[in-house]
Structure formats: C-alpha cells, structure tokens
Amino acid sequence: MDSKNYNTPKLPNWLASKFIDEMYLEEFFGDLEEIYEDRIQTIGKFKARFMYWFDVIHLLFGFNSIRLFKTQNNSTMMLKSMFKIAWRNAIRQKQFSVLNLLGLTLGITTSVIIGLYVYNQTTFDNFHEKGDRIYRVNQPAIWHNWDRQFASTGPNVAVALKEDAPEFEEVTRLLSQGTQTVRVISENQKVNVFSEPKFYGADGNLFDVFSFKFKAGSPLTALSEPRSLVITQETAERYFGYEEALGRTIDVKKSDGTWTSYKVTGILGNVPNKSHLQFDVLSSMSSYDSYLKPDEWKWIWTGFSTYGLVKEGTDIAALTKKIQAIPPKWAGVTTERIFNQTFDEYTAGKPWTLYLQPLEDLYLSTNPWFHRFGPNGDKQIIKVFSVVGVLVLILSGINFMNLSTARSTNRAKEVGIRKVLGSRRKSLIRQFMFESILFVSVSTIAALLLVQLSLDVFNNIAETQLALIPFLNNPVFISIVIAFILVLGVLAGSYPAFYLSSFNPIQTLKGKMSAGFKGKGVRNGLVIFQFSISIALIICTFFVQKQLQYTSSLDLGLDQNNVLQIHNIKQLDENDAVLKSKLEANPAIVSVGKSFSVPPFILEGERYKGSQPNAQVIDIGNMRTEGAYLDLIDLEFIEGRNFDKAISTDKYAVILNEAAVKALGWGTSENYISDSPIDKTVFQAFDEEREFEVIGVVKDFNFTSAHDQIGPLMILHMDNDQMWNFNRGSAFLSIRIASEVVKDAKGLQNLLEELENEMSQIDASILFEYSFLDQEFEDTFRYERRMGIILNMFTAMAMIIACLGLFGLAAFSAESRLKELGIRKVLGAKVSQLVYLFSTEFSKLILISVLLASPIAYFLVNSWLDDFPYRTAVEVWVFVVAAIGALLIAMLTTGFQSLKAAHKNPTETLKSE
Amino acid sequence: MKNKGLGEFEELVLLAVCILEGTAYGVAVKNEVEKHSNRTILLGAVHITLYRLQDKGLLTSEMGGNTEKRGDRRKRLFQTTQSGLLQLKASQDVRQKMWQLIPQLNSGI
C-alpha cells in the first residue's frame, strides 16, 4: 500500500512537533500514522481523524504534565495554585463560564475566518518576482462608457509602447481565443477531444514579465516559435495521464473545422489560485501571424490584455503622462479607415487615455470592472466583510468583558478574606489578570480549532481555498493572536484586578458591596451597542436577501424557461440545417432557432446613426439570429413584425428594441402612432455606411444580466452578409422543450442523450455542450448569492453572540436581585408582575437599540441598493419585523431567567443574611 | 535504585514487551495489551508507560525497523532488561504467595 495515500491531519502534527522532544517525534508520528491507517480502514476517515486528534492531545498532556507536576519550585507552585483557583471559580459558576467561553470562541472563529478571507482576497498576485514593476495598460471602454476603464486594448498598443516609451523593459500581450476545441492522441492511439475555455495566445516574453513556475521546458523560449503550447500540470495530466507531455503534439480546431498541430514546449506548475490570470493553455502569439499581422493596426480590436514591465526606478506618473501621446498618433488610422472619421471626430473630445494599473490592484479593481483572463474580486464585499468581522470581534469582546466584570462582583468576599489572610494587592491583581488571560487563551485556542474544522464548509460556499495551517508558522499571525489575547485579557481583567482588589476588606466582609451597581450604566450601554449592531446587521442581511430574490424573479422580458442551448454549432457548418431539421421532427421539442449569441451574453456592438440629418453616432448592441429564435424566446413586438422567411429582403432588415429607438432619437412607444420607427433606416457608422431598414420594434428585454440597465439593441438577420462579422463567431441552436418533458427528470436525460447522439452522428469530433437559458441568468447572480449566504451566517453569529451575552447578563441580574424579588413576593407581588418588572428592564435596552440601528441600517441599505438598476423597495415592515424579532429573542433569553427567579420560594432566598 | 514495585498497567505493558520479544513498539504493545485484557487503550498511555519503565531501568530501547506503513518512519523497539524480568518475577511471586494464603481456595471450596 502506498503510504502517501494517507494524509495525517496537519495541525496536530504541528502541535506535537512544537511540544514534544525531537528525539521522540519519529516514533510517535510513525505509530500515530500506523494506527490512523488502520482506523481509516475500520472506522472511516472522520472518526479516524478525530481519534488522531485525541491521541495527539493525550500524548501532549501526558508528556508535559508529568514534567510540570514533578518540579516543585516556587514559581510552578504559584502557577499551579493560580490554575487551581481559576479552575474552581470556573466550575463554581459553570453557566457563566460556558457562556463566556462560548461567546468569545464563536466571535473569534467568525472573525478569524473573515480575516483569512480578506487576507486571501487582498493579497492576490503577490508571487510574481517583479510584481512591483508590472502594470496593466487600460484604455477607456470605447464600446460602452468612455468614463470607465477597459482592461484590454488593441494589438498595436504594445507595439506603440515599445517604440515610443523606452521606460518599458518588456511589454507583453495576452489574447483571449474563446473556447477552443483540442484533440489529443495518446500513446496507444486513443483520440480524446477537450473543450478549453481558458486558452489564450501569449507573446513570447510573457514569462519575462510574470513568474509562473515551469516544471519542464524553458521559460525563455517556450513561446517563441509559432505553434508552440505551454500547458499547466493539471492540463497535461488531463491530456496525457502519466505519459510524458513535453514535446507532444496537440491539435487545435480552427473555425473552418480543420485542425492545426501544436507542439507542447513547456509544462507549468499549476497556476496559483491567488492569481488574477487563470489559464490552462497558452499558445505562442506568433502562431496567429497570418491573421494577426494584417489586422494589427486596428485599435478597436480590443481583445488583448497588455502588460508592461517598467524599468526599475521609473516615475509612473511621468510615464503615464508621456504615453498619452500614443493614441492620437497611432489610432488615427483606425478611425479613418473604419469609421471614416478623424481621430478627433471619433473621440469627440473624450480623451482616449491609456492608464497604467499596478499589478496589485488588478484583482480587486472596480474600474475596469472585469477582464477576460480570470477572476475579478469585489472590493465592496471585502469592505463589508472586514467591517462585519471587526464588529463581531468587538461584540464578543464586549460580551466577554461584560460577563467577566459582572461575574467578578461575586468575588468581593473572596478578596476580603484573601486580604485578611495577608494577601497583597499585587498578588490579587496577578490572580485576576491570570484568570482573565487564561480564559481568553482557552477560547482562542478553541476558536482556532473550530476555524480549522469549519473552513471546509466555508470554502465550499465561498468557492475559495483558505487554509489556517500555513499561518500557524507565521510570526505576524502568532504575534497578532498573542497581542489579542493579552489586550482582551487585560481589558476584561482590569476591572476586578484593579477595582476589586482596592477594597477595604472590612467593608466587603460586612457585605457593603455596591460594586455591581456602578458598572450597571456601562453594562447597559454595552448591551445597547451590541444589539444595535446585531439589529442593523439583521436588517441589512434581510435587504440583501430581498434584493437577490427580487432580481432572480425579475421579469426579463423574455421566456427563459425550458430553453436549452446547444453550443459549438458553428463547427457543424452547413450541416447545422441537417441537425435542425432532425430536432424539429423530435416530438419533445416545440421549436428550434439558431443565433450567433444568446442572452445573457449578448455583448457585441457596433456604431450606428439614424437617417435624419445631424444624427448622433451611437453604440448599439448587436444580435444576429433568425425569426424563429425571436419567437422561441417569446419577444413581444410593440410595432412592426418579425423576420419572415418568405420575404427575401428581410435579410437586410433589422429589428430594434425600445431603448435603441429612443437612443436613435426616434422617441418612445407613446409617439410610435404619430411617428412610427418602422420603415426608417439605420446607417452603419463604419466601413461603407450601409443602410438597414427597420421592420419591427420589440419591447425591451434583458440581454446581458439584471445587473445592467437594458441598453439599445439591434437584431440583425443572421444571413445579413453586409456586416463585417457575417457568419463569424460561435453559433447556438436554441430549443424550446415541451414542458412535460422537462418536468420528468428521466425525460430530460433521455432528450439530452438523444441530442448528443444526433450531433455525434453528424460529426463526432464536435463536443456536445449545452446550457439552460434560465440557469445562465441565475448564474449571473451566483457571486452575490454566495456572498449572501456567507453574510447570513455571519449575521447569525453576531446575533447568537449578542444573545449569549444578554442571557448571561440576565442570569447575573436575576441572581443579584433574588432578595429583592423575594421581598416583593412576600409583600404580595404576583409572578407575572415580577416577570414583567424584570423583562421591561431589558426590553427598554432593546428598544433603544432598534431606534439606533434603524437609521444606520437604512442608510447602508440605501447606498448599497443604489448600485443596482433594478432595486427592491426599502419597506418599513422589514424594520418592524427586525425590531419585533430582536425583542422576541431578547424576551426569550431573559424570560427564562426571570421566570426562574420569580418562581423561587422567598423563604429560600431570604433565609440567610 | 529502590525497588518500587509495578503498577497494574505497567505490569501489563511489561508483559506485552516480553511476549513480543524484540518487536515491541508503541502500536504493537497497544494491540497486544488490548488483545489480552479486552479493553481499549490510548496510544499515549502506552508511550508514557514505556518511557516510565525505561526510566526505571526495566526496559531498554533502540530505533529500527521501518515498514511501508507509517510513512517510512523508524520504530522505537523496546526490550526487557534483566532487572525488568526480575521485577516481573518478583511481582509474580508476591501474587503467588498471596494467592496461596487465600483460605477459601486452599480448603477447596
């Protein structure tokens, strides 16, 4: 059996290695692993892990306690005595001790997890050796909004930078190739086909800029020859299994269906998770010279990410200023040849700025808001999480202090007796401090264990790969933990240590202790603070959920249900008609339509203008499809008609959405009666300025995602050969499935198998990939949904901690008022009156918290919702529900204590004085 | 060194080491004791006892014998010393003597 199949838990191993002599370690670990392996076989992994932990801790204590208790000098005796007293005190007030530890542990756990997440998100891309000199070149989003930055540029920007700015040591480019189909033939002649969405073209000097680790091949030359590929370790294993990958041949399918052979010239270690660039395959940019060279001058071919490595000591501000001369000089050709405008006419006063964005800012960048080569984080979420993390930590810290001080007032007598017996103030202070710090340490260690145990769940939800273990060796992390323990321990312990120890023993022993009273105002303030935070969090979380609910149930303007989209149709070429007619004959399928893009990914666009004089040039989104598809997704025609197969001129006709009509300056739907947009013409504002006739107007529908406002859209006939991109790009066949087939899981499965079969009969080399339209729309809110779940968990944590605190305080207050309640009872008060008396005290605090929290929450929610074009209403009932909820929770937590106290027999409480 | 006598668990462990004769290490001893006494024992307890016995001079040990399991780590193999055997014998004798003094057994009931 291969011993490497078993990974023993790391944290206990680390612990053991710290606390056990090195000479014993080898045999311990050997024995532990041996037992662990046996246990995995017999009782399963989970139990085996648990027992492993148990064994290690047992070993640790066994070894060290013997040593500790064997020594008998003054300081260890003292330590032992302090331990003993701390232990006795903890045991005497079990309820308090447990509440106190539990609250603090939960709080630390939550904030450590948040801390790990925030650290992970804010330290992306920190593994590149020359990282501090790498900048991405951004330009204005010329297709959308010139005020915002766009993460990719035209091909020539790199050339221009190299030529005009010697401050750059290297300039390198990445070109997104879209999803590529790859064919691999294994040593035993088995043919495997893969679909590669993360397949990018890269300049030969990419690895001079970025430090991705090579496993095989040379970083200097790997991408210099045409038809070279660099693949990651994981990809190599996927392609070749355990066979040697370097030097092998891989075929990549071209858009015309033929295959081009590439040679594997480099194997990379897997791309780190914390990289804003994520790829599986990189091909040498020189492989594309045949189509790249003729079009290289096009500054509007914005598919390239341009990265510059500046020379050491370069003044970035000066360099940025200097490179602003490049666009007017270089981009003029593009505007003149494509848009028939000079550079100045084209930009119309908006500066075509080139921005240099430092590498460390790329991942969390909000401007540009996305890039094509990997993930993009969300600064907003990081901020929210950081705030929540700190708040939860403060909450639990306050709780801890609150309960500790409340608890310690019971110990005034102990202080008195100790003093009478000759204890000095110093040793009293030391005892209280020791206890407090001990408590915090115990919770911290418990919290770290809890973090380790719950990280898997968190990673699953957040789709991250956080780990605690690496930090345990990190001196900064350790010092933060120790500093935290000391600060909180000292803060919480200072009240009893300095205040209680100052009492005159005669007074405390006589019972004239009013210490509890003084701290009351502070304690109430802290309760209000806690509950304000918790209630505000609850309200915010409520609205986050409400907004998510709202956007996912939004009327998209199209019927997204039961629509299946088959990808890779472009590769079928002429044969798509064969497939289509077969599908149409299938009884499970209601209708079929072909399109060159599908919502919510209709991202193409061009520049057009209306036919009227002095018409503005505007950007309009483009969708190329046929009439059947528009019927299939059930668009509503407000004016005019759909494409008609029988009318041959429809090939050059277009259908607009309302937003496009408005943007062209033709008014809104109310004045269509007097001034119908039908039969008007739209001009291309590029190439030969061909004109298209408008035959229909559809109601606005969502074609990107509910994140965005619906923009202007022009639906072109897919046979329109007067567009430069006629018949280019990827194509989809969309299918509306009969609803009874969808309802039955088996029926759907059968249909999918049938479709795959049909497709492979035509061409087996084409991958059968599909998606569901409704699913795609849902997925645009995937990130928000995930974060929503996490926020829910954290809010629940905050609420639990606050309740634990309140519960503890109520218990304390009930205990210290037992006599008062007893006297009241003797004098004739009913149980219900006592409970009322008791509850109102806390309810008042909660009500004040509600009043404080509501405006804060309202402000936060409002500013968050402002970012959404479609926002849910901020309704009062949410605040009311949150307030009532908080009150109820508070009532429940205090109610138990008050009932218990009120039911006590007064003879019991009053008998001893 | 003063003869302190053996604890019950110490005696079991020492016996197990004798039985295993040169192949006694943590896990093996644990299994052996579990097998004969029908109770579950923690590995840590075995280790600590083994070392205590070594401190008392009843066992010696050396490193050796790695296997394919346990991640290629060596074991610490324990052996009884002369005084260990004497100690066992002594405690056996004590028990034997006491057994013989139980009247019920002697009268054959």
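User: How many residue pairs are in polar contact between chain A and chain B, with both residues at pLDDT 80 or more?

Analyst: This is a predicted model, in which local features need pLDDT of at least 70 and side-chain atom pairs count only at pLDDT 80 or more, while totals for chains, interfaces and linings use all residues. Residues are numbered from 1 along each chain as its sequence is written, chains are lettered from A and ligands numbered from 1 in the order in which they are written, and side-chain values use heavy atoms, with hydrogens and water left out. A polar contact is a pair of N or O atoms within 3.5 Å; within protein, one must be able to donate a hydrogen and the other to accept it, and residues adjacent in sequence count only if both atoms are side-chain atoms. Between chain A and chain B, the number of such residue pairs is three.

User: Which helix gives the most to the side of chain A that touches chain B?

Analyst: Helices are DSSP runs (H or I, at least four residues) and strands likewise (E, at least two), numbered from the N terminus. In chain A, α2 (22-43) and α3 (45-70) each supply at least two residues of the side that touches chain B. The element that gives the most, with 15 residues, is α2(A).

User: Which three residues supply more than any other three of the area that chain A buries against chain B?

Analyst: Counting heavy atoms within 4.5 Å as contact, 24 residues of chain A meet 19 residues of chain B. Buried area, the accessible area (1.4 Å probe) that two parts lose on being put together, summed over both, comes to about 2100 Å² for this pair of chains, 59% of it on carbon and sulfur atoms. On the chain A side, 27% of the area is supplied by A:Glu26, A:Glu27 and A:Glu34.

User: At what angle do helix α2 (residues 26-37) and helix α3 (residues 43-55) of chain B pack?

Analyst: Axes are lines fitted to C-alpha atoms, for helices over the stretch in contact, and angles run from 0 to 180 degrees between N-to-C directions. The axes of α2(B) and α3(B) are 9 Å apart, and the angle between them is about 110 degrees.

User: Is α2(B) roughly parallel or roughly perpendicular to α3(B)?

Analyst: Angles under 35 degrees count as roughly parallel, over 145 as roughly antiparallel, 65 to 115 as roughly perpendicular and the rest as oblique. The two helices pack at about 110 degrees, which makes α2(B), relative to α3(B), roughly perpendicular.

User: Which residue forms a salt bridge with A:Arg173?

Analyst: A salt bridge is a side-chain nitrogen of Lys or Arg within 4 Å of a carboxyl oxygen of Asp or Glu, and the whole structure holds 39 of them over all chains, although the count between chain A and chain B is zero. For A:Arg173, the closest N and O atoms of the pair are 3.8 Å apart, and the partner is A:Glu296.
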